Amino acid sequence: MKIVLLAAYSVTLFLVGTWTGLALCALVFVAVAALSGVPVRRFFALLVPVYVIAGFAVLFNGFALDVSQAAPGAVPTVLGDSFPGAFASLPPVALAGSFGFVPAGFARGCFFAARIVLLVVASLVVTYTTTSTALTDALADFLRPLRRLRVPVDDIAMVFSLALRFIPVTAEEFGRVHDAQQARGAAFAEGSLWQRLRAWQTVLIPLFVGLFRRADALAAAMDARCYGAEAGRTSLRDRRLTGGSVAVLVVGLAACVAIVWFL
C-alpha cells in the first residue's frame, strides 16, 4: 500500500503544474509525516545533496546567458503549466552584457526545486516507517505473477534484502579499514592527486577482500541451512491486505487524481 501510494504521489508531483497543486501536495506530506510520528526536522536534516540539486535547478532556470531569448512569451509553456505565476509577465534583467536574471525562469526553478524536495521526503516517509524486510516482502508480492513464467521471484527478493543489509555492514567495514590505515600513517589528504589515490588503494583493496570473504561466509551459511532445497517457500508473517489498508489506498489514490484533475 505504501509503495503504491508513493508511486501515485510521485506521478502527481510531476503532473501538477500550479503552485496551488504543489501546496496541496506539500500539505499531504505534512499530514502523512505527522501521522507517521517521525519528527519533520528528521526528513530535512539529511537532504544536503538534494538541496544542492535544487539549488542548481533554481540557478540554471533563473539566469540566462542571453536574456533576449528569455523574454516573456519567447519560451513556450509545457503542457499548459502555469507555475511561473505573476513572474511570467516580468521582463528579464540584464546584469552583465547579455547575461541576466529571468524572473519567470526563477519561479520555474523554485517550482522544480520544491517538486524535487517533496519527492525525496515522500520516499523517506516510506523508508523511515518500513523495515527492509517488509520492503523486500512487498517486492516479492509485486513480482509474484512472474512465477508463472518461472522467474525466481524469491531469489530476487532475497538478493535485494541482502543488498540492503550489506549497506551498513560495508559502511562499518570502510570506516574500520580507513581508521586502521590512517593509524599506520596513510596520508589521505596530503601530496598530489596521484599520491592521494594510491593512499586510498590501501583502503579499497582490503575493503573488497573483506566483502568477498563475508559473501563466501554468507553463501556457506545459506547452503548449510538448505536454502533453495525446496521449490515452495513460506513466510514468517502472513501478509494480507486488510480492509483498512484498502480504504486508505482508495482514499489516497482518489486524492492524487483529484489534485491532478482540478489543479
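The model is a predicted one, so local features need pLDDT of at least 70 and side-chain atom pairs count only at pLDDT 80 or more, while totals for chains, interfaces and linings use all residues. Residues are numbered from 1 along each chain as its sequence is written, and side-chain values use heavy atoms, with hydrogens and water left out.

**The shape of α7**

- Helix α7 covers residues 153-183; helices here are DSSP runs of H or I with at least four residues, numbered from the N terminus.
- Just after α7 comes Gly185, which takes a positive phi of about 100°.

**What α7 packs against**

- The buried residues of α7 include Val153, Ala157, Val177 and His178. Buried means under 20% relative accessible area, exposed means over 50%, and partly exposed is in between (1.4 Å probe, protein chains only).
- Which helices do these buried residues pack against? They pack against α6 (132-142) and α8 (193-224), where contact means heavy atoms within 4.5 Å.

**Salt bridges**

- Side chains of opposite charge can pair when their charged atoms come close.
- A salt bridge is a side-chain nitrogen of Lys or Arg within 4 Å of a carboxyl oxygen of Asp or Glu, and by this rule the count comes to five.
- One of them links Asp154 and Arg147, at 2.9 Å from N to O. Asp154 counts as buried because its relative accessibility is 18%, whereas Arg147, at 41%, is partly exposed.
- Arg176 pairs with Glu172 at 3.0 Å, N to O. These two are four residues apart in helix α7, so about one helical turn separates them.
- Arg176 has a relative accessibility of 41%, so this residue counts as partly exposed.
- Glu173 also meets Arg176 in a salt bridge, at 2.8 Å from N to O. Glu173 and Arg176 sit three residues apart in α7, which means about one helical turn lies between them.
- Is Glu173 buried or exposed? Glu173 is buried, with a relative accessible area of 13%.
- Salt bridges with shared partners tie Glu172, Glu173, Arg176 and Arg214 into one network.

Key. Expected span 1.5 Å × (residues − 1).
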